[in-house]
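Dear colleague,

Please find the structure below for your records. My notes on its pocket, core and sheet follow.

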Amino acid sequence: MRRVDWEDRLNAFIAKHHSRPYAHEWHCLLFVAGAVKAVTGKDFARGHRGKYKSMAGALRYLKGLGFDGPAAMIDAHLPEKPIGFAQRGDLILAADGIPALCVGEFALSVTDEGLARVPRSEWRKAWGVG
C-alpha cells in the first residue's frame with residue numbers, strides 16, 4: 001500500500017539522487033528499491049546492501065539468492081502489471097534489462113552521469129508498487 005504522502009517522499013528521493021552516478025553501492029536495483037521504500041515504506045533491499053564490491057559481485061550475489069538478475073528479484077517482491085498501466089511510482093524493465101522508476105511519460109534509470117530518462121518505447125515489463 002502506498003503511503004499517504006508517497007508523492008512528496010518520492011519527489012524528495014528523486015531530488016536527492018538525481019545527480020548521483022552509478023557505482024557498486026548505487027546501481028539500478030538499489031535505486032528502484034529506494035523508490036519503492038519512498039512510496040510504500042517497504043525496503044526489499046534491506047539486508048542486501050554492502051554484500052558485494054562490484055557489479056559482477058552483485059550479479060553473483062543475486063544468483064546465490066536464487067535470482068538470475070535484477071528483474072527476477074523484483075518479480076519476487078512486486079506484482080507484474082501491463083506496461084500501458086504503469087504509473088508514477090511503479091517500476092519498469094527497460095529493453096537493456098535495467099530496472100527503472102516510472103515517473104509518468106518516461107522512467108528514470110541510474111547511469112554514470114546520474115539519473116537518465118528511459119522513454120516508454122523502451123519499456124519491456126512493469127511492476128505495480130503499492
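**Pocket, core and sheet**

The largest pocket has a volume of about 170 Å³. Here a pocket is an open set of points on a 1 Å grid over the protein atoms alone where a 1.4 Å probe fits, with protein on both sides within 12 Å along at least five of seven lines; lining residues have an atom within 4 Å of a point. Grid points are joined across faces, edges and corners, and the volume is the space filled by probe spheres set on them.

This is a predicted model, in which local features need pLDDT of at least 70 and side-chain atom pairs count only at pLDDT 80 or more, while totals for chains, interfaces and linings use all residues. Residues are numbered from 1 along each chain as its sequence is written, and side-chain values use heavy atoms, with hydrogens and water left out.

Of the 16 residues lining the largest pocket, His27, Leu29, Tyr52, Ala58 and Leu62 are the closest to its centre. Helices (DSSP H or I, at least four residues) and strands (E, at least two) are numbered from the N terminus. The elements α2, α3 and α4 each give two or more residues to this lining, and the largest share, five residues, comes from α3.

The largest nonpolar core has 33 residues, and Leu10, Phe13, Ile14, Phe31, Ile74, Leu91 and Leu101 have the most contacts inside it. Such a core is a set of buried Ala, Val, Leu, Ile, Met, Phe, Trp, Tyr and Cys residues joined through side-chain atoms within 4.5 Å; buried means under 20% relative accessible area, exposed over 50%, and partly exposed in between (1.4 Å probe, protein chains only). The largest share of this core, nine residues, comes from α2. Apart from it lies another core of nine residues, including Ala86 and Cys102.

Six strands form an open sheet in the order β1-β6-β2-β3-β4-β5, with antiparallel pairing; two strands pair if DSSP finds at least two bridges between them. The edge strands, β1 and β5 (114-119), each pair on one side only. Six bridges join β4 to β5, and Val110 has Leu115 in β5 as its bridge partner.

Lys81 is found in strand β1 (residues 80-81). Why does Lys81 count as buried? Lys81 does so because its relative accessibility is 19%. Leaving aside neighbours within four places in sequence, Lys81 is in contact (heavy atoms within 4.5 Å) with Ala86, Gln87, Asp90, Ala126, Trp127 and Gly128.
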